[in-house]
Amino acid sequence: MNIRQIILLGFSLFVCVCASAQTFSTGGVIGADYELKILKGWHFTVEGDLRFDHNFTHYNRAKLGVGTDYSFWRKRMKIGVEYSFLSYHDREDQLFDNRHRIKGFVSIAPKFGNWKVGWRCMAQTTFRDKRYGPYRFNPKTYLRNRLSVAWSIPQTDLKLHFSEEFWWRLYKPGDNIIDQLRTIAGLEYSINKRHALDFFVRSDNEIQVKNPENVLYFGVAYSFK
């Protein structure tokens, strides 16, 4: 079995598992990000994306974010902060709901030959616009934990990656549970040292809530350094 067959088999199994969810729809994500080196180990980033759901028929969200991070210990560890402006579209009321999100994170990602294993812990707070409704909880704060693994395929410009992330709800006293999971499998192609394309499949699954949503996204992201 060659590399191409392994990739196709892996994506097929991933899609089948995601599609087995009780409530299921598909969507798409188109994104781009730019990274600027300020000083040794210190970077400034700009990123944005567009997200579609309900089987690619509905514009769901646009995001524009800026952040800065500092890497140390031979680039194995990283700390950073981010701010994002989010514009959601309410499908039922046909309204745009603007939100502001602040995040802080710490991550560690050691390398083992062609393999890279990572863990990221992120605190996230989202402020919603009160003009759009009487929100019971505002802002909403989560602690997100993500485990990831990546394999740089020898003698190629390709890298396979997989990650699993969970959202731990902190804004509801007495009911702080894990209510969302995110699984990502992707293939990154390095065009050169500064440009890369990432093709991925992402499964967003709500758990332990009423009427959970399960969406399988197909996406592509462009990176420029």
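In what order do the elements of the protein chain run from the N terminus on? The order is α-β-β-β-β-β-β-β-β-β-β-β-β, which amounts to one helix and twelve strands. The model is a predicted one. Of the 225 residues in the protein chain, 36% count as buried. The points below cover strand pairing, backbone geometry in the loops and surface charge.

- Strands E2 and E3 are antiparallel and pair over twelve bridges.
- Within this pair, Glu47 has Gly65 of E3 opposite to it.
- The two strands E2 and E3 form a hairpin, with four residues between them.
- E3 also pairs with E4, again in the antiparallel sense and over twelve bridges.
- Tyr70 is placed opposite Ile79, a residue of E4.
- E3 and E4 make a hairpin as well, and four residues lie between the strands.

- Strand E10 covers residues 178-190 and strand E11 covers residues 195-206; the two pair in the antiparallel sense over eleven bridges.
- Glu188 has Asp198 in E11 as its bridge partner.
- E11 is joined by eleven bridges to strand E12 (residues 214-224), and E11 and E12 run antiparallel.

**Side chains along a strand**

- In a regular strand, side chains alternate between the two faces of the sheet.

- His54, in the turn of the E2-E3 hairpin, has a positive phi of about 50 degrees.
- Phe56 has a phi near 70 degrees, which is positive in a residue other than glycine.
- Phe56 belongs to the loop that runs between strand E2 (42-53) and strand E3 (58-72).
- Phe56 counts as partly exposed because its relative accessibility is 45%, and the partly exposed class lies between the buried limit of 20% and the exposed limit of 50%.

- Trp73, in the hairpin of E3 and E4, takes a positive phi near 50 degrees.
- Arg74 is not a glycine, yet its phi is positive, at about 55 degrees.
- The position of Arg74 is in the loop between E3 and strand E4 (77-90).
- Arg74 has a relative accessible area of 75% and is therefore exposed, the cut-off for that class being over 50%.

**Cis peptide bond**

- Asn138 and Pro139 are linked by a cis peptide bond, and its omega is near 10 degrees.
- Pro139 is part of the loop between strand E7 (115-128) and strand E8 (140-152).

**Surface charge**

- A patch of positive charge on the surface gathers Lys37, Lys40, Lys75, Lys111, Lys116 and Lys225.
- Lys37, one of the patch residues, is located in strand E1, which spans residues 25-39.
- The relative accessible area of Lys37 is 56%, so Lys37 is exposed.

Technical notes: Residues are numbered from 1 along each chain as its sequence is written. This is a predicted model: local features need pLDDT of at least 70, side-chain atom pairs count only at pLDDT 80 or more; totals for chains, interfaces and linings use all residues. Side-chain values use heavy atoms; hydrogens and water are left out. Buried means under 20% relative accessible area, exposed over 50%, partly exposed in between (1.4 Å probe, protein chains only). Patches are made of residues with over 30% relative accessible area and no salt bridge: like charges are joined within 9 Å, nonpolar side chains (Val, Leu, Ile, Met, Phe, Trp, Tyr) within 5 Å. Accessible areas come from the Shrake-Rupley method with a 1.4 Å probe; for residues, only the protein chains shown count as cover. A salt bridge is a side-chain nitrogen of Lys or Arg within 4 Å of a carboxyl oxygen of Asp or Glu. Lys and Arg count as positive and Asp and Glu as negative; His and the chain ends are not counted. The place of a charge is taken as NZ of Lys, CZ of Arg, CG of Asp or CD of Glu. Two strands pair if DSSP finds at least two bridges between them.
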